[in-house]
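Here are my notes on the model you sent.

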Amino acid sequence: SMIVAGAIRRRSGFLAFATILLLISGAATGAAAVTSGIRVGDTYVSNFDNSGSGEFTQLWGQLSISVGNYGDQATQDIDVIKRSGHTDIYVYEGVNIDLEITGVGSVEWQIVDSSGGEPADRGVWKASTNSQGEQLITERIRNPRADETALKQSITLDQQSGTVFVTIYQP
């Protein structure tokens, strides 16, 4: 309405220019707030990254989640809604994980000897159906180090399509 008023009064265009500038800056500010929890393309997240990136929606791309015990650093739970793509979850020594994955029928996993890097065991976790009719995989991964208390960590992944692979590094 301010643009129309400026045009009708035959102003020099300053009022229209200022209005357009304010509208563009307001739209940019609003768009940044709306998309702050959305990731596009390949994404990496870890439990010691306290920048607020532990809870987000990923539209597509590969997702890498790394969880370890990094001393006194505060950790955050990881909660991801993922539309499509591949997800890798890396669980390092000294962490106990409560893992909940919905939307996929199975998850491949392997246990790797952290000293030699050789796979020690592997398998597949199959989904069950929860009360809402969703495919659900819940696992508790206990992976403590002998020299310290294990860190408790929660990972929730709602993945609508694609694959999930979990690698557990043990001493």
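1. **The β1–β3 pairing.** Strand β1 (residues 38-39) pairs with β3 in the parallel sense, over two bridges. Keep in mind that this is a predicted model. Within this pairing, Arg 39 has Gln 58 of β3 as its bridge partner.

2. **From β3 to β5.** Strands β3 and β5 run parallel and are joined by four bridges. One of the residue pairs is Phe 56 with its bridge partner in β5, Val 80.

3. **From β5 to β12.** Strand β5 also pairs with β12 in the parallel sense, here over five bridges. Ile 81 has Asp 158 of β12 as its bridge partner.

4. **Thr 57.** This residue lies in strand β3 (residues 55-58). Is Thr 57 buried or exposed? Its relative accessible area is 17%, and buried means under 20%, so Thr 57 is buried. Leaving aside neighbours within four places in sequence, Thr 57 is in contact with Gly 37, Ile 38, Arg 39, Ile 81 and Arg 83.

5. **Ile 81.** This residue is found in strand β5 (residues 78-82). Ile 81 counts as partly exposed, at 33% relative accessibility. Neighbours within four places in sequence aside, Ile 81 is in contact with Phe 56, Thr 57, Gln 58 and Asp 158.

6. **Salt bridges.** How many salt bridges does a search of the whole structure find? The search finds two. In one of them, Asp 98 pairs with Arg 140, and the closest N and O atoms are 2.9 Å apart. Asp 98 lies in strand β7 and Arg 140 in strand β11, so the pair ties together parts that are 42 residues apart in sequence. Arg 142 also meets Asp 98 in a salt bridge, at 3.5 Å from N to O. Arg 142 lies in β11 and Asp 98 in β7, so this pair ties together parts 44 residues apart in sequence. Through shared partners, Asp 98, Arg 140 and Arg 142 are joined into one network.

7. Asp 98 is partly exposed, with a relative accessible area of 25%. Arg 142 counts as partly exposed too, at 39% relative accessibility. Arg 140 is exposed, with a relative accessible area of 62%.

8. **The nonpolar core.** Which residues have the most contacts inside the largest nonpolar core? They are Leu 99 and Val 166, in a core of 25 residues. Several strands each supply at least two residues of this core, among them β4 (63-67), β6 (86-91), β8 (106-113) and β13 (163-170). Strand β5 is also on that list. The largest share, four residues, comes from β7.

9. **Val 166.** Leaving aside neighbours within four places in sequence, the contacts of Val 166 include Ile 89, Val 91, Leu 99 and Val 107. Val 166 is also in contact with Trp 109, Trp 125 and Ile 141, among others.

10. Tyr 44, Phe 48, Tyr 70 and Tyr 92 make a nonpolar surface patch of about 380 Å². Tyr 70 has its place in the loop between β4 and β5. Tyr 70 is partly exposed, with a relative accessible area of 36%.

11. **The chain as a whole.** The secondary structure comes to two helices and 13 strands. Of the 171 residues, 35% count as buried. Among contacts between residues at least 6 apart in sequence, 66% join residues at least 24 apart. The chain exposes about 10000 Å², and carbon and sulfur atoms supply 54% of it.

How values were computed. Residues numbered from 1 in each chain as written. Predicted model: local features only at pLDDT ≥ 70, side-chain atom pairs only at ≥ 80, totals over all residues. Heavy atoms only, no water. Buried < 20%, exposed > 50% of the residue type's maximum accessible area, 1.4 Å probe, protein only. Contact = heavy atoms within 4.5 Å. Areas by Shrake-Rupley, 256 points an atom, 1.4 Å probe, with all protein chains shown as cover. Core = buried A, V, L, I, M, F, W, Y, C linked by side-chain atoms within 4.5 Å. Patch = residues over 30% accessible without salt bridge, like charges linked within 9 Å, V, L, I, M, F, W, Y side chains within 5 Å. Salt bridge = Lys/Arg side-chain N within 4 Å of Asp/Glu carboxyl O. Pairing = 2+ DSSP bridges.
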